[in-house]
Amino acid sequence: MKRVAVDKIRNIGLMAHIDAGKTTTTERILFYTGVTYKIGEVDDGTAVMDWMEQEQERGITITSAATTCFWNDYRINIIDTPGHVDFTAEVERSLRVLDGAIIVLCGVGGVEPQTEKVWFQSAKYHIPRIAYVNKMDRVGSDFADVVGQLEDKFKVITLPLQLPLGSEDNFCGVIDLVAMKAYRYNGELPGARVETEEIPAELRDEALLHREQLIERLAEMDNEVMELFLEKKEVPEALLKRAVRAATIDLKAVPVLLGSSFRNKGVQNLLDAVVDYLPSPADKADVAGSDPKSGRALSRKLSDSEPLSALVFKIISDPYVGQLVYFRVYSGVIKVGATVLNGRRGQKLRVAKLLKMHANKREEVEAVHSGDIAATVGLKDVATGDTLCDERHPILLDAIQFPEPVVQATIEPRLTSEHQKLDEVLAKLVSEDPTLKSYVDSHTGQAILSGMGELHLEVIQERIKREFKIQTKLGKPRVAYYETVRQAARGEEKYVKQSGGKGQYGHVLLEVRPFDGDGKFKFSSRVKPGIIPKEFLPAIEQGVLEAMDIGVIAGFPITHVEVELLDGSFHEEDSTELAYKIAASMAFKTAFRKGNPIMLEPIMKVEIAVQDDYLGEVMADLNARQGKVTNMDLKNGLHVIDGQVPLSLMFGYAKALRTLTQGRGNYSLEFLKYSEMSEDKMKDVLKTQLGIYTTN
């Protein structure tokens, strides 16, 4: 694969609400950049980027797929991300390593629930965006309305760079307001040939008006444009492009384009916009990190001459090559045969093979340079969020934060002889997916699988069957509750064991208190080394973490607690890491019981779209589910209800909504937060707790 200058690289992601046409758009990009010679279709199960069998059957994207293509000598690394909320981790991890994003919107649906989710996720990572209004050939499509929704919902300045040429069934091209040209799509394959022509006379005044509005908006962000605007002089195309690019990269505005990917209209212009307006790695700030040992802040410049720093953002268990590790290089170069350091574990790793990915196909390369995205195989004990770095200049890049699982179910093999094999497979899948958890229930000995939703768990079960040939029984999905404390409390325990010869001695005094910072846990110590040697502190922290896995109230994991080691004692001969780990676990549980413990339940954000005839019934049902309405709107003739509702009362809602609305209502559900449970509800859950683990 040919190497290009770093300013000619674009690392971009496509994001959208489910069914907005994101994967279809990617398929057209691959076709027009020459990566594929036949257009794949999502509906036919032939989309290149939806390479998993389940993706092809369900017609949705489950795992983010990476590919590389070229457009006018620019290399574009593309990650096509899922739109379904159950796979939000795929979006999160992709955004962490991207430089720009295309937000795909439906010309009819406009800003939909998952659009909001990915928009705010990309804003969190300061990702410059282009909005692409797709499906402009559909009945009811309205470009101006979608632009208005973007401005209203996200309070952003939009820069519409195009107008539609024709509408709905007669949509045939776009009017470019920057070049002031019309692009009409023709050819044997509809849209394959782009014909440039003058703007039709009847549309020229409208185009001039919108171009004037575009220049007026840019004048507020660019001094050169401002001068020409005030002097009423023509603004050159090159200056307009430069101003749009600067506004986009600085997150001051969002360019908006349009097209119909399924009909092959507008994709080439979208590729031009990616090159013209989205940043290269060179446009981004130096990557920040810290020293793995001291915690001192460090940074790396984007340069091949800098020490290596690369972030692992995705891991896949490939049945042919083993563990496939995706990474983004921020500085330096990774070469085949080189030794790199895992900054988190302090472990040296040898790079045996480097791969450039095209969905599930791969091409071997000798080196990967700064700013690029690639994959490798054979790296052991590497997790999502780990840093690969130069062993002489170690650095730890900021890790990726993922939401906690909210749904769980028992999982067991149909053949008792496959228990160990299933355990190994679950360990592999958990290493791939940070929002998937697996543990063994201490009461029943059953394996519990936790994920982001019912679909998430179904997909995992299907993967186990297809990829690892294990038939499993998945229990009825239940809510993944958590436990925490409401006030500070202390616990002191000694673990002393004498059995002749060397004994065991560990003694700690801990304080446990509520924690509202990032992450679920914080550990600190104020004990002097003379009281407890510092080499035992990791064992004490590990003892606390192990105690947190199985809660005190009902055995649910413990979260959002801060633990401080206050005091303890030490025996020169008998103190061991094991003794301190056991003592810390006991002391933590003692303190937790005193800390006014409470259970937490997942609260979901729900959006329901329903016709006027059924509004009353739907609202009554939502109230019965303890739902709280936060907003109501009228959109495309439908009542759109935004609300918050406990997940425990939303199982089977799809069927209930179909019944209430005669199949005409639709909804989306996504995790919002964990919230304290009422005492009465906690008692109800505790009564049924044993039943959670006995379903088939």
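This is a predicted model: local features need pLDDT of at least 70, side-chain atom pairs count only at pLDDT 80 or more; totals for chains, interfaces and linings use all residues.

Residues are numbered from 1 along each chain as its sequence is written, and side-chain values use heavy atoms, with hydrogens and water left out.

**The nonpolar cores**

Select Ile12, Ile76, Ile102, Leu159, Leu161 and Leu218, the residues with the most contacts inside the largest nonpolar core, which has 49 residues. A nonpolar core here is a set of buried Ala, Val, Leu, Ile, Met, Phe, Trp, Tyr and Cys residues joined through side-chain atoms within 4.5 Å. Buried means under 20% relative accessible area, exposed over 50%, and partly exposed in between (1.4 Å probe, protein chains only). Next, select helix H9 (residues 267–277), which gives the most to this core, with seven residues. Helices (H or I, at least four residues) and strands (E, at least two) are DSSP runs numbered from the N terminus.

Centre the view on leucine 161. Beyond its neighbours within four places in sequence, leucine 161 is in contact (heavy atoms within 4.5 Å) with residues including Ile175, Leu177, Val244, Leu257 and Tyr277. A second, separate core of 47 residues can be located through Met15, Trp119, Phe143 and Ile316, which are among its members.

**The four-stranded sheet**

Which strand order does the open sheet of four strands have? The order is S7-S8-S9-S10, with antiparallel pairing; two strands pair if DSSP finds at least two bridges between them. Strand S7 (162–165) and strand S10 (193–197) each have a single partner strand, so one side of each lacks a neighbour in the sheet. From one strand to the next, the twist averages 25°.

Now select strand S8 (residues 173–176) and strand S9 (residues 181–186), an antiparallel pair with four bridges. Isoleucine 175 has alanine 182 in S9 as its bridge partner. Helix H9 lies across S7, S8, S9 and S10, running at about 130° to S9. For such angles, axes are lines fitted to C-alpha atoms, for helices over the stretch in contact, and angles run from 0 to 180 degrees between N-to-C directions.

**Aromatic rings**

A search of the whole structure finds 12 aromatic pairs. Rings of Phe, Tyr and Trp (its six-membered ring) pair if their centres lie within 6.5 Å; planes under 30 degrees apart count as stacked, over 60 as edge-to-face and the rest as tilted. Select phenylalanine 120 and phenylalanine 154, an edge-to-face pair at 5.5 Å centre to centre with 85° between the planes. Phenylalanine 120 lies in helix H4 (residues 113–124) and phenylalanine 154 in helix H5 (residues 143–154), so the pair ties together parts that are 34 residues apart in sequence. Phenylalanine 120 is partly exposed at 47% relative accessibility, while phenylalanine 154 is buried at 9%.

S12 pairs with strand S13 (residues 297–300) in the antiparallel sense over four bridges, and glycine 289 stands opposite leucine 298 in S13.
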